[in-house]
Amino acid sequence: MKRFKYITVAALAVAILFSCSKKDDDKPTPPPTPPIPTLKTVAEAKVSNYTVRLQNTSGTFVMGYNDITLSVTDATNKEVILEAATFTPWMDMYKSDGKGGFTKDIMHTHTCPHTALTKEGNVWKSQALFQMITAPSGVWFGKVTFKVAGKEQTLDRLDFVVKPQTNKALGKVGRFRVFTPGGNPKGQMHLYALVAPENPKSGENEVALGIWKMENMKNFPKVTDWVVEVKVSEKGSTTALSTTTLRYERNFYRGKVSYPKAGEYTLTYTLKDAQGQVIQPKDSDKKDISIATMIQF
């Protein structure tokens, strides 16, 4: 009898063990935690006992849309917690020397489309659209302010370099003017740039297009109330492979386009206002132009 009891208990224990194992096997495996991207320093400078760094994952700023992280360390190279921070990019444009080159005399200084620094955890982030590269005609720098332990610090000039865009899948920053009756006689300058996807694939892709209005040298507000129709064609062809409508959401004009294979494509944009009326882009001479982004992947 005792032997039967022991066998029963043992069998029950084995059953429970297998039952628990089965339940454990049924539990979904939690998704892996994505690795924290390593940041590389693009530029740095000192103010008081602090080192201020502008960083991103590539270690380079390019003409186009850029992610920016602000980092501040103390004299021991320990990162400090910022209570507040601002970053404003500026470009000094130089006067012509009349011989095809440029002097070091500043003609004017302008900024570019950028977002205010926002705090994500202990990290301060911004995005900027650099519409020009660093060249003999002009150089980029940033003005940074930050607060540590209740004390404000200001770095008036943090020089950095903007290089040409190397990702052919994003194309180049474009410009156009819009002339309206009674508006700016020179037309309202706009900038536009494709900001996603950085790595397109054959098939369906979500694209994101940014459009900014250049109100003056300091203000570049986003255009948010248009509709953009985009036609996709192979390079050198006017035949549309597909057309789609981009609408403003999550900070950009977004929609899905399809590429039949890897190659070179032209994305041609038609702009419409909220009432569905076509907005005709023009150049500085008031001539009609088409606006587009040429990509390759």
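These legends describe close-up views of aromatic rings in a predicted model. Local features need pLDDT of at least 70, side-chain atom pairs count only at pLDDT 80 or more, and totals for chains, interfaces and linings use all residues. Residues are numbered from 1 along each chain as its sequence is written, and side-chain values use heavy atoms, with hydrogens and water left out.

**View 1. Phe61 and Phe160 form an edge-to-face pair.** Rings of Phe, Tyr and Trp (its six-membered ring) pair if their centres lie within 6.5 Å; planes under 30 degrees apart count as stacked, over 60 as edge-to-face and the rest as tilted. The count comes to 15 aromatic pairs. In this one, the centres are 5.2 Å apart and the planes stand at 90°, so the pair is edge-to-face. Phe61 lies in strand S3 (residues 61–62) and Phe160 in strand S10 (residues 151–160), 99 residues apart. Strands are DSSP runs (E, at least two residues), numbered from the N terminus. Phe61 is buried, at 0% relative accessible area. Phe160 is buried too, at 5%. Buried means under 20% relative accessible area (1.4 Å probe, protein chains only).

**View 2. Phe176 and Tyr192 form a tilted pair.** Their ring centres are 5.9 Å apart and their planes meet at 45°, so the pair is tilted. Phe176 belongs to strand S12 (residues 174–178), Tyr192 to strand S13 (residues 188–196). Phe176 is buried at 2% relative accessibility, and Tyr192 is buried at 7%.

**View 3. Phe61, Phe130, Trp140 and Phe160 form one aromatic cluster.** Phe61 and Phe160 are the edge-to-face pair of View 1.

**View 4. The charged end of Arg157 sits over the ring of Phe141.** The distance to the ring centre is 3.9 Å. A charge sits over a ring if NZ of Lys or CZ of Arg is within 6 Å of the ring centre and within 35 degrees of the ring normal.

Terms used. Helix = DSSP H or I, 4+ residues; strand = E, 2+ residues; numbered from the N terminus. Buried < 20%, exposed > 50% of the residue type's maximum accessible area, 1.4 Å probe, protein only.
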